[in-house]
Amino acid sequence: MSLLRDRIINDGKVIDEKILKIDNFLNHQIDPEVMHEIQQEFVQYFQDKGITKVLTIEASGIAPAIMTAASFNVPMLFAKKTTPSTLKNETRYSTDIHSFTKDITSRVIISKEYLSEDDCVLIIDDFLANGNASLGLIDLVRQAGARVAGVGICVEKSFQPGRQALEEQDIDVYSICRIASLEGNQVHFIEGH
């Protein structure tokens with residue numbers, strides 16, 4: 001059993017049939033040992049893809065993304081949810097991403113300076129549910145003319161349509177833990193990635 005899966009079982013809190021709270025080790029307080037295992041899995045799976053950049057969205061994806069980028073020895077870039085005054089419209093790529101967890105839509109941006117058609121980008125995020133964050137990041141990569149190597153997910157809620165939405169766009173999705181359901185306040189896993 002993986003450390004991430006073990007921590008989900010022992011420390012995760014099922015809020016309802018759609019929400020799993022694991023902020024005590026993954027996306028608020030962060031367990032470095034869990035992050036180390038996550039980056040090892042992503043590197044092993046995506047090592048032959050020619051990764052030149054790792055991309056995520058602020059803030060929860062930053063920890064696994066920077067660990068993975070460090071292992072690939074490439075830069076990590078994160079899409080910003082607020083636009084700094086130093087980044088004008090003509091110097092950025094932007095897209096709208098809706099968060100069902102927070103029930104808000106954010107205009108996210110990245111500087112054109114840091115993403116180009118020469119890049120092969122690995123997208124990393126903590127959760128995959130409906131797929132909106134990953135699809136938005138894919139849109140940013142494609143605006144730059146870059147190639148998407150794949151999407152690496154720490155925890156996938158397989159009972160929601162995110163994986164299907166990504167696979168419909170021929171995206172290679174690798175999820176470390178796949179959850180079949182949260183019925184009965186229990187985490188039920190799917191074997192495989």
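A: In this predicted model, the axes of helices α1 and α3 approach within 9 Å of one another and cross at roughly 135°. Since an angle over 145° would be needed to count as roughly antiparallel, α1 and α3 are therefore oblique to each other. On the α1 side the contact is made by Leu3, Leu4 and Arg7, and on the α3 side by Glu33, Val34, Glu37 and Ile38; by class, this contact holds 4 nonpolar and 3 charged residues, with no polar ones.

Turning to α1 itself, which spans residues 3-11, Leu4, Arg7 and Ile8 are buried. These residues cover an arc of only 105° around the axis, which puts them on the same side of α1. An α-helix has 3.6 residues a turn, so residues three or four places apart point the same way. Besides α3, the elements against which the buried residues of α1 pack include α2 (23-27) and the strands β8 (147-157) and β9 (173-181).

Helix α3, residues 32-46, also meets α4, residues 62-72, with axes that come within 9 Å and cross at roughly 55°, which makes α3 oblique to α4. The crossing of α3 past α4 is right-handed. Here α3 contributes Pro32, Met35, His36, Ile38, Gln39, Phe42, Val43 and Phe46, while α4 contributes Ala63, Pro64, Met67, Thr68, Ser71 and Phe72. By class, the contact of α3 with α4 has 10 nonpolar and 4 polar residues and no charged ones.

Notes: Residues are numbered from 1 along each chain as its sequence is written. This is a predicted model: local features need pLDDT of at least 70, side-chain atom pairs count only at pLDDT 80 or more; totals for chains, interfaces and linings use all residues. Side-chain values use heavy atoms; hydrogens and water are left out. Axes are lines fitted to C-alpha atoms, for helices over the stretch in contact, and angles run from 0 to 180 degrees between N-to-C directions. Helices (H or I, at least four residues) and strands (E, at least two) are DSSP runs, numbered from the N terminus. Angles under 35 degrees count as roughly parallel, over 145 as roughly antiparallel, 65 to 115 as roughly perpendicular and the rest as oblique. A crossing is left-handed if the near helix is turned anticlockwise from the far one by less than a right angle, and right-handed if clockwise. Contact means heavy atoms within 4.5 Å. Ala, Val, Leu, Ile, Met, Phe, Trp, Tyr, Cys and Pro count as nonpolar, Asp, Glu, Lys and Arg as charged, and the others, Gly among them, as polar. Buried means under 20% relative accessible area, exposed over 50%, partly exposed in between (1.4 Å probe, protein chains only). The arc is that of the directions from the helix axis to the C-beta atoms.
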